[in-house]
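I opened the notebook for a look at one chain.

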Amino acid sequence: MATLLIASCFPKASQAIRSLPVESKEQILTQYNQDQITQGQTLFANSCGNCHKLKQPETRTAEQWNKIVKRMIPKAKLSDEEGKLVRAYVIANSKTI
């Protein structure tokens, strides 16, 4: 019973987001159109900005953002689709090494 209760406290997005591979900026830009990237930007500002000061996407690499997003999307209680859009936005605008 306790396991079921604990499992229900975690958002469904957490498993889907955690299973996403690290993708490059180029891969993201071929998968998402500009409207989706803009939606991700809005979600990033409105959801992530509610709890802390936002870092600009160009301050981190795609790999760094992937790790951050996997940890933060469940905490923000975003759906799978919302989480993917936020991830697409930050990776599309990430720092190139």
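Does serine 94 count as buried or exposed? I keep in mind that this is a predicted model. I looked up the relative accessibility and found 3% for serine 94. Buried means under 20%, so serine 94 counts as buried.

**Entry 1: around serine 94**

I placed serine 94 in the segment after H6. Next I checked its side chain. The side chain of serine 94 reaches the backbone oxygen of isoleucine 91 at 2.8 Å. Then I listed contacts, leaving aside neighbours within four places in sequence. Serine 94 is in contact with Lys25, Pro57, Glu58, Arg60, Thr61, Ala62 and Trp65.

**Entry 2: helix H4**

I moved on to H4, which runs over residues 34-47 and has 14 residues. From first C-alpha to last, H4 reaches 20 Å, close to the 20 Å expected at 1.5 Å a residue. I looked at the N-terminal end and found asparagine 33 capping H4. A side-chain oxygen of asparagine 33 lies 3.0 Å from the backbone nitrogen of aspartate 35.

Which residues of H4 are buried? I noted Ile37, Gly40, Leu43, Phe44 and Ser47. They cover an arc of only 120 degrees around the axis, which puts them on the same side of H4. I then asked what covers these buried residues. The cover includes helix H3 (25-31), helix H5 (62-76) and helix H6 (80-92).

**Entry 3: the largest nonpolar core**

I counted 20 residues in the largest nonpolar core. Of these, Ile28, Ile37, Phe44 and Val90 touch the most other members. H4, H5 and H6 are the elements that give two or more residues to this core. H6 gives the most, with seven residues. In soluble globular proteins, nonpolar side chains tend to be buried together.

Not counting residues up to four places away in sequence, valine 90 touches Phe44, Pro57, Trp65 and Val69.

**Entry 4: aromatic rings**

How many aromatic pairs does the structure hold? I found two. The rings of phenylalanine 44 and tryptophan 65 have centres 6.0 Å apart and planes at 85 degrees, so this pair is edge-to-face. The pair links distant parts of the chain, with phenylalanine 44 in helix H4 and tryptophan 65 in helix H5, 21 residues apart. Both phenylalanine 44 and tryptophan 65 are buried.

The other pair I noted is phenylalanine 44 with tyrosine 89, and it is tilted. I read 5.5 Å centre to centre and 50 degrees between the planes. Tyrosine 89 sits in helix H6, 45 residues from phenylalanine 44 in helix H4. Both phenylalanine 44 and tyrosine 89 are buried. I logged Phe44, Trp65 and Tyr89 as one aromatic cluster.

Note on methods: Residues numbered from 1 in each chain as written. Predicted model: local features only at pLDDT ≥ 70, side-chain atom pairs only at ≥ 80, totals over all residues. Heavy atoms only, no water. Helix = DSSP H or I, 4+ residues; strand = E, 2+ residues; numbered from the N terminus. Expected span 1.5 Å × (residues − 1). Buried < 20%, exposed > 50% of the residue type's maximum accessible area, 1.4 Å probe, protein only. Arc of directions from axis to C-beta. Contact = heavy atoms within 4.5 Å. Polar contact = N/O pair within 3.5 Å; in protein donor to acceptor, adjacent residues only side chain to side chain. Core = buried A, V, L, I, M, F, W, Y, C linked by side-chain atoms within 4.5 Å. Phe/Tyr/Trp six-rings, centres within 6.5 Å; stacked < 30°, edge-to-face > 60°.
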